[in-house]
Amino acid sequence: RAYLLVDNILNNYRITGWNYLDNLGSPFLTYTYFLSYLLISTLSIVIPLSLPTIYKIVVFLSYVLPSFVLYNFLSRKFNSHAGFLISIAFLLQHKIIEHFFEGLWDQYFAIIFFLLFLNYLDKYSKKLNARRIGFLSLLLSLTIISHPYAGLAALYLFFLYWINMVDKGKALIVPLSSIVSLFFYIAPLIETGAWTIKGIGCGLSSTFGETLTNLIGILLSVQELIPLSLNSILSNIPVILVDILALAGFVLYIREKNKNNFLNVIFGFTIISLILGTGFWFNIASLKITSLSNIVSYRFIIFARLGLLIFAAYTISKIKLEKEIIAVLYIMLMVISLIYFQPSNEIVETSENVQELKYYFETMDYLENSLDLSNSRVVFQRTKRDYSILPLTKSDYFKKPIIGQWSDPIFPISKSLASSQNIIFNTPIENITQEQIKKEMGRYNAKYIVSITPELTQK
């Protein structure tokens with residue numbers, strides 16, 4: 001996306017556009033968040049660094065900056081001691097680190113703007129003026145185009161604050177002006193949303209019991225519940241500490257006679273995020289055919305966990321022990337946790353030690369240097385069979401129109417071009433005939449197929 005965006009900015013002077021390389025041609029950056037890609041592309045144009053290098057820098061900043069923003073916010077609301085300890089705990093949640101290895105960094109990039117929006121909304125909500133409204137509107141807009149889940153979370157966070165605002169009419173200018181400023185982005189989604197594919201998202205489970213179990217697991221550990229062992233406990237010490245402190249914070253909050261308005265908002269925000277995190281609408285037949293079925297619901301539980309972090313900071317602010325002693329013990333536990341942190345080999349593999357990538361690059365070189373690919377497409381059998389892992393056939397590396405790669409699977413044509421899970425042209429390989437393959441190749445103007453299984457090669 002970043003490579004395509006650079007070309008679009010330099011050649012067409014536009015952000016959104018048309019991608020000719022996959023899906024037989026499709027809208028580019030119309031149905032997805034784009035602020036991170038815009039940042040990467042713009043920096044690659046103005047800074048003498050390669051795009052992959054800038055990408056790595058932005059991903060790294062997406063990991064560390066949420067903790068810095070969280071520290072500043074919690075230090076202002078409680079004290080610097082609580083802000084420091086909880087921001088470190090956030091930084092060392094191992095499942096979040098794995099999310100970055102797995103490519104889910106965009107949501108944490110958006111959390112930077114979400115936390116900034118929370119900080120200034122809390123700071124300005126009691127006394128709004130034109131400058132503050134404009135600034136909050138800007139932060140909300142940046143959050144929305146950073147990631148839709150962060151944008152939605154910011155919207156219901158705003159309305160929880162809005163309930164207690166004195167000048168409710170003036171406050172509504174914040175979301176309204178934000179939506180108006182993003183009309184160029186929102187209008188095409190509404191206009192063309194009826195023909196996009198529905199049902200590419202998922203809930204936690206189809207049964208109440210599994211939904212509850214998965215909800216608790218992701219809330220308390222940012223992953224499904226795993227068997228208890230000494231290693232799993234030691235490697236998740238930051239997570240466990242936050243859980244214990246947050247539980248204590250909830251108890252303190254409930255026992256308070258005069259409830260803190262800020263904690264009221266965070267409690268409500270956490271509950272709403274948990275409800276959305278269940279994906280309950282996937283179990284309602286009439287909602288399965290709506291755009292709600294494109295939501296990956298567990299992502300909202302990550303925002304619920306932000307509520308836990310805030311309640312954990314609240315607990316620390318109430319502890320009367322020596323701050324230096326608590327800090328030393330806390331850091332020691334973090335060090336133990338890091339020692340026992342062992343991400344799976346598949347997550348930390350790089351192009352230097354993945355044999356499959358070696359074959360992939362050799363194939364790309366052969367296609368580009370040995371074959372005439374003008375005015376035609378190449379069909380790829382999906383390299384990785386597992387749905388949770390993106391295939392290696394990316395048009396970023398191969399600047400030719402292709403069929404079968406992973407791309408935003410929301411277009412009607414996407415089903416016909418599917419090549420994952422041992423299928424080609426959306427047909428199981430064992431069932432497809434040579435005549436069918438020739439027919440589909442002719443229909444989509446494709447000359448070559450890159451196969452990874454003998455069953456397809458023999459066709």
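Contact here means heavy atoms within 4.5 Å. The model is predicted, so local features need pLDDT of at least 70 and side-chain atom pairs count only at pLDDT 80 or more, while totals for chains, interfaces and linings use all residues. Residues are numbered from 1 along each chain as its sequence is written, and side-chain values use heavy atoms, with hydrogens and water left out.

## Overall make-up

The protein has 22 helices and seven strands; helices (H or I, at least four residues) and strands (E, at least two) are DSSP runs, numbered from the N terminus. Of its 459 residues, 49% are buried, where buried means under 20% relative accessible area and exposed over 50%, with partly exposed in between (1.4 Å probe, protein chains only).

Among contacts between residues at least 6 apart in sequence, 71% join residues at least 24 apart.

## Nonpolar cores

A nonpolar core is a set of buried Ala, Val, Leu, Ile, Met, Phe, Trp, Tyr and Cys residues joined through side-chain atoms within 4.5 Å. The largest one holds 97 residues, and I86, F114, F117, L157 and F303 have the most contacts inside it. Helix α6 (residues 105–124) supplies the largest share of this core, 13 residues.

Apart from neighbours within four places in sequence, I86 is in contact with L70, L74, L309, A312, A313, I316 and Y330.

## Helix α21

In α21 (residues 434–443), I437, E440 and M441 are buried. They lie on the same side of the helix because they cover an arc of only 100 degrees around the axis, taken from the directions from the helix axis to the C-beta atoms. An α-helix has 3.6 residues a turn, so residues three or four places apart point the same way.

The other side of α21 carries the exposed residues E435, K438, K439, G442 and R443. The buried residues pack against β3 (377–380), β7 (446–450) and α22 (454–457). After α21 comes N445, with a positive phi near 55 degrees.

## Cavities

A cavity is a set of points, on a 1 Å grid over the protein atoms alone, where a 1.4 Å probe fits but cannot get out; lining residues have an atom within 4 Å of a point. Grid points are joined across faces, edges and corners, and a volume is the space filled by probe spheres set on the points. There are two cavities of 30 Å³ or more.

Two or more lining residues come from each of α6, α15 (261–278) and α16 (299–318), and α16 gives the most, with three.

Technical notes. On a 1 Å grid over the protein atoms alone, a cavity is a set of points where a 1.4 Å probe fits but cannot get out, and a pocket is an open set with protein on both sides within 12 Å along at least five of seven lines; lining residues have an atom within 4 Å of a point.
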